[in-house]
Amino acid sequence: MSDIHKLSGAYALDAVDDIERAAFERHLAECEDCRLEVASLRETTALLSESVAIAPPASLRDSVLTGISQIRPLPPVVVPARRAAWFPLLVAAAVLAVVGVGLAAWQPWSSTVDKTDQGSLTAAEQVLRAPDAQSVSVDLGDAGQATVTRSKALHKAVIKTVDMSDAPSGQVYQLWLQQHGELVSAGLMEGGGNQEIVLEGDAATASAAGVTVEPAGGSQTPNLPPVALFDFSQAT
Amino acid sequence: MDHLKPVPDGVASSEATPSGVDTAARLASLMQRSSRGDEAAFAELYDATSARAYGLALRVVRNPAHAEEVVQEAYLDTWRTSSRFDPARGTAIGWLLTIVHRKAVDRVRSAESATARDETYHRETRQTEHDTTLEAAHASLEAQRVRVAVAGLTEVQREAVELAFFGGYTHTQVATMLDVPVGTAKTRIRDGLIRLRDAMGVGS
């Protein structure tokens, strides 16, 4: 058992910091055992809450019911007809992003080639500094900015966020690569802020990358509309 | 511990147990109706779960006004995201309380980074109270079952789970508070939870 498995209990109790949470959720995306274990431990904690149950003030009920009357529930997660739906939906979707009112705009940025010692660089830095690195950025307005940089030579892509809003409570960002018209999970990204995350999977063969908001632990299929779409044909 | 009271009448029993299957199905159904904008269903869901949600929030944040805010936010989030609830992946009460707990923890952590005085207050009050909650006697059968399961923990496991869950501390903070290596605290938390899960017969 690798060490990260042992974080399942602390994760289920929210007894992790943001960095650990992000790391563990990336692990969850690929570890069925841990997903099941976390689910069962969370059910256990729900039972523990029984021991502290106490009726809230009656006024809280009124506040909650008044509050919900002014909120429209999110639409269900619809499994898309994958290959056709992705692009047209996404362009519209970026504008309707859950995390912000931002207008999507391609902001290609040219990466700089840095001749520093590759051996001491992280995987993300290697991609960002690769001679063939190409980037495409999405401006999320108040919700920040995200850039995906890909190196075909390294078969890797990196998402870099700047001041990105956190995912809604209880939910998580999930990364995707479009491979031959199919969307394949490329891992989870907990929280927003400023992060650099290497996408899982072979980015060299992907035609696009995307970010969606999913329930904690991630999903098998993307929850459209996405927060951001990165079309590699637009990358420079 | 004067805020601890027997579970009020009408509070649903466990949804994760064979005896709670009907309740679990009812709550799941209420959640699904809520996702279609059924406010009456959500009110029913609130009535069946609010004592646990509020009690949990209050236990973590301590301040009743803050607890109310946490619970309010959590229910609004639950309403908004109810279409994301999948009964195949867990119970409705588990989904709800996960949201409540996360919000409560976020609340105390941001408050603690903002005010040192708050931090001192939390630390002092928690040190005197953290070791009694899970041992308190309660009226409901569910609470009784929890109590029996908790009694099966080793002292160090109970302490670690208690600090992490009700205290809202990270496992590294728990390690420091208990003066044990980080890996030890992490293991105690996980082993303790697994033992509780098995003792209470929770399936995943």
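Me: What pattern does chain B follow, read along the sequence?
Reply: In this predicted model, chain B runs α-α-α-α-α-α-α-α-α. That comes to nine helices and zero strands.

Me: How much of chain B counts as buried?
Reply: 49% of its 204 residues.

Me: And what share of the contacts in chain B with a separation of 6 or more comes from residues 24 or more positions apart?
Reply: Those residues account for 64% of such contacts.

Me: Which residues of α7(B) are buried?
Reply: The buried ones are B:Q157, B:R158, B:E159, B:A160, B:V161, B:E162, B:L163, B:A164 and B:F165. That is nine of the eleven residues in the helix, which spans 155–165, so α7(B) is largely enclosed by the rest of the structure.

Me: What does B:V100 touch?
Reply: Leaving out residues up to four places away in sequence, B:V100 touches B:A53, B:L56, B:A57, B:V70, B:V71 and B:A74.

Me: Now the interface. How many residues does each chain put into the contact?
Reply: Chain A puts in 50 residues and chain B 72. On the side of chain A that touches chain B, the elements giving two or more residues are α1 (8–12), α3 (32–48) and α4 (58–68). Of these, α3(A) gives the most, with eleven residues.

Me: What classes of residue are on that side of chain A?
Reply: There are 30 nonpolar, 13 polar and seven charged residues on the side of chain A that touches chain B.

Me: How do α4(A) and α3(B) cross?
Reply: Their axes come within 10 Å and cross at roughly 35 degrees, with α3(B) covering residues 64–80. The crossing is right-handed.

Me: Which residues meet there?
Reply: From α4(A), A:L60, A:S63, A:V64, A:G67 and A:I68. From α3(B), they meet B:E68, B:V71, B:Q72, B:Y75, B:L76 and B:W79. By class, this contact has seven nonpolar, three polar and one charged residues.

Me: Back inside chain B. At what angle do α8(B) and α9(B) pack?
Reply: About 110 degrees, with the axes 8 Å apart. Angles of 65 to 115 degrees count as roughly perpendicular, so α8(B) is roughly perpendicular to α9(B).

Me: Which residues make that contact?
Reply: B:H171, B:T172, B:V174, B:A175 and B:L178 in α8(B) meet B:V182, B:T184, B:A185, B:K186 and B:I189 in α9(B). They divide into six nonpolar, three polar and one charged.

Me: Last one, on chain A. Where does A:L128 lie, and is it buried or exposed?
Reply: A:L128 lies in helix α6 of chain A, residues 123–128. It has 20 C-beta neighbours inside 10 Å, so it counts as buried.

Me: How far apart are the C-alpha atoms of A:L128 and A:A157?
Reply: They are separated by 8.4 Å, although the two residues are 29 apart along the chain.

Methods. Residues numbered from 1 in each chain as written. Chains lettered and ligands numbered in written order. Predicted model: local features only at pLDDT ≥ 70, side-chain atom pairs only at ≥ 80, totals over all residues. Helix = DSSP H or I, 4+ residues; strand = E, 2+ residues; numbered from the N terminus. Buried ≥ 20, exposed ≤ 12 C-beta atoms within 10 Å, placed from the backbone. Contact = placed C-beta atoms within 7 Å. Nonpolar A, V, L, I, M, F, W, Y, C, P; charged D, E, K, R; others polar. Axes fitted to C-alpha atoms, helices over the stretch in contact; angles between N-to-C directions. Left-handed = near helix turned anticlockwise from the far one by under 90°. Parallel < 35°, antiparallel > 145°, perpendicular 65-115°, else oblique.
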